[in-house]
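I open my notebook and load the structure. I will look up a few things and write down what I find.

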Amino acid sequence: MLQILHDYFWWERLWLPVNLTWADLEDRDGRVYAKASDLYITLPLALLFLIIRYFFELYVATPLAALLNVKEKTRLRAPPNPTLEHFYMTSGKQPKQADVELLSRQSRLSGRQVERWFRRRRNQDRPSLLKKFREASWRFTFYLIAFIAGTAVIVDKPWFYDLRKVWEGYPIQSIIPSQYWYYMIELSFYWSLLFSIASDVKRKDFKEQIIHHVATIILISFSWCANYVRAGTLIMALHDSSDYLLESAKMFNYAGWKNTCNNIFIVFAIVFIITRLVILPFWILYCTLVYPLELYPAFFGYYFFNFMMGVLQLLHIFWAYLILRMAHKFITGKVVEDERSDREETESSEGEEAAAGGGAKNRPLANGHPILNNNHRKND
C-alpha cells in the first residue's frame, strides 16, 4: 500500500511536463539537479535556527534592548483566587455577564472586582515589550541577511532581467550551490517559524499567519521538487525586500523612537504595495502563468504552483488592507496601532482609576504603540 501511494505521489505526470521523466533530471556530466531528498536537511536546520534564535535573543537582542532603553511597563498582578483561576484556565478568559455574577457569588467579590481580576490576569499572559523586541530583532536580522544574500544569488542571472529565460530549457535546468543553500536556508527558517508560532507573540491574524507559513513551506518545497528554482528564487527575494523594514519599524516602536518608526513604516508600506500588489501579480505571476504555456501544455504541477501563488496573493491583499488602514490613520493624525495587535487593557478601560499614577484615563493604552507592535507574516 505504501509503495502504491509512493508511486502515485511521485508520478511524473503530476510533477513534470509531458514526455519528461525523473530520469531526465538525474545528475550527469557535472550538472546537478534539484531532488526531493535534498529537503530532508531543512528539518535539522530548522531546529538549529531555533537554537541560534535562543542565543541571539539572549546575547544580542536583550543587550540591544537595554541599549535602546526598551522599558517594561509595571503590570498590576491579579491576586491569588483559586475560584477565578480555575474558571480562567478551563472556561475562558472573557467571562460573560452571567458568569461574572456566578463567580461573584462563589468568590464573595463584587462584579466589578471580578472584572478587574480577569482584566489583570489577561494582562499577565500578554507578551512583554522585551519579548516583542527580541522577536522583531531576530526576524529583522534574518530577513535583512536573506534579502542581501538572495539578491546576490539572482542579480547576475539572465532571468533576473528577462523573465522569459526563467523557463528556458525547463525543467532540465541545473542548479548551483548558491541556489541550493538559498532554498534550504529559506525553507528551514519558515519551518522554524511554524515550530515556534505557538510561543511567539500572537495577533488577530494568527490563523492567516499559519496559512501563510504552511503555504510558503508547500510552495518552496514543491517548487524545488518540480525544479521551479529560478522562479522560486525571484519570489523569495521579492518577499524579503520589505519584511526587514517591517521588523525594524517594530524595533524602533518598542524603543519609543516614534518618528523613526513612522518614517520606516511609510517606506515599508510603499515597498510592500509595489512588490506584493504590483510586481508579484503583474510580473511574477504573469511569468508563471503565461510563459510556461508557450513551451509545454499545462500539467498538474503548473496548476498547483500557481494555485499556491494565488493563496499567497490573497494574503498579501488582506495585509495590504490592514497596512492601508494604518497609513490612513497616520495621515489623518489619528492614533495608529497595529490592526492585528492584542493590546493591553488598562485599569481605566471599564471606567476605573489606575492603582498607580493618577490621570490614567487620558493616557494612551499601555503597549498600544503607534503604527506597529509585531507580526509574521511574512506579511508574508
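**Entry 1: the record**

I start with UniProt, where an unreviewed entry lists residues 45-68, 140-160, 180-198, 264-291 and 303-324 under "transmembrane region". UniProt positions are given in the numbering used here, feature names are shortened, and annotations may be inferred rather than shown by experiment. The model is predicted, so local features need pLDDT of at least 70, side-chain atom pairs count only at pLDDT 80 or more, and totals for chains, interfaces and linings use all residues. Residues are numbered from 1 along each chain as its sequence is written, and side-chain values use heavy atoms, with hydrogens and water left out.

I check two of the listed spans. Residues 45-68 are 96% helix and 0% strand, with end C-alpha atoms 31 Å apart. Residues 264-291 are 93% helix and 0% strand, and their end C-alpha atoms lie 36 Å apart. Helices here are DSSP runs (H or I, at least four residues), as are strands (E, at least two), numbered from the N terminus.

**Entry 2: helix α6**

Does the length of α6 agree or disagree with 1.5 Å a residue? Helix α6 has 15 residues, 111-125, and should span 21 Å; its end C-alpha atoms are 22 Å apart, which agrees. The expected span is 1.5 Å times one less than the number of residues.

**Entry 3: the nonpolar core**

I look for nonpolar cores, meaning sets of buried Ala, Val, Leu, Ile, Met, Phe, Trp, Tyr and Cys residues joined through side-chain atoms within 4.5 Å. The largest core has 73 residues, and Val166, Trp167, Trp224, Tyr228 and Met309 touch the most other members. Several helices give two or more residues to this core, among them α3 (42-67), α7 (129-154) and α11 (258-289). Helix α12 gives the most, with 12 residues.

What does Tyr228 touch? Leaving out residues up to four places away in sequence, Tyr228 contacts Trp167, Tyr170, Tyr183, Ser223, Tyr296, Phe299, Gly301, Tyr302 and Phe305. Contact means heavy atoms within 4.5 Å.

I then pick Thr288, in helix α11. Thr288 is buried, with a relative accessible area of 0%. The side chain of Thr288 reaches the backbone oxygen of Leu285 at 3.1 Å. With residues up to four places away in sequence not counted, Thr288 touches Trp167, Ala231, Tyr302, Phe305 and Asn306.

**Entry 4: salt bridges**

How many salt bridges does the structure hold? The structure holds 12. A salt bridge puts a side-chain nitrogen of Lys or Arg within 4 Å of a carboxyl oxygen of Asp or Glu. Side chains of opposite charge can pair when their charged atoms come close.

Lys35 pairs with Asp27, the closest N and O atoms being 3.0 Å apart. Lys35 is partly exposed at 30% relative accessible area, and Asp27 is partly exposed at 40%.

Arg53 pairs with Asp200, the closest N and O atoms being 2.8 Å apart. This pair links distant parts of the chain: Arg53 is in helix α3, Asp200 is in the loop between α8 and α9, and they are 147 residues apart. Arg53 counts as buried at 9% relative accessibility, and Asp200 does too at 6%.

Arg139 pairs with Glu135, with the closest N and O atoms 3.6 Å apart. Both lie in helix α7, four residues apart, about one turn of the helix. Arg139 and Glu135 are both buried. Shared partners join Arg53, Glu57, Glu135, Arg139 and Asp200 into one network of salt bridges.

**Entry 5: backbone angles**

Most residues other than glycine have a negative phi, and most peptide bonds are trans. I note the exceptions.

A cis peptide bond joins Tyr170 and Pro171, with omega about 0°. Pro171 is in the loop between α7 and α8.

Asn69 has a positive phi, near 65°. Asn69 sits in the loop between α3 and α4 and is partly exposed, with a relative accessible area of 45%.

Arg108 has a positive phi, near 60°. Arg108 lies in the loop between α5 and α6 and is exposed, with a relative accessible area of 78%.

How values were computed. Buried < 20%, exposed > 50% of the residue type's maximum accessible area, 1.4 Å probe, protein only. Polar contact = N/O pair within 3.5 Å; in protein donor to acceptor, adjacent residues only side chain to side chain.
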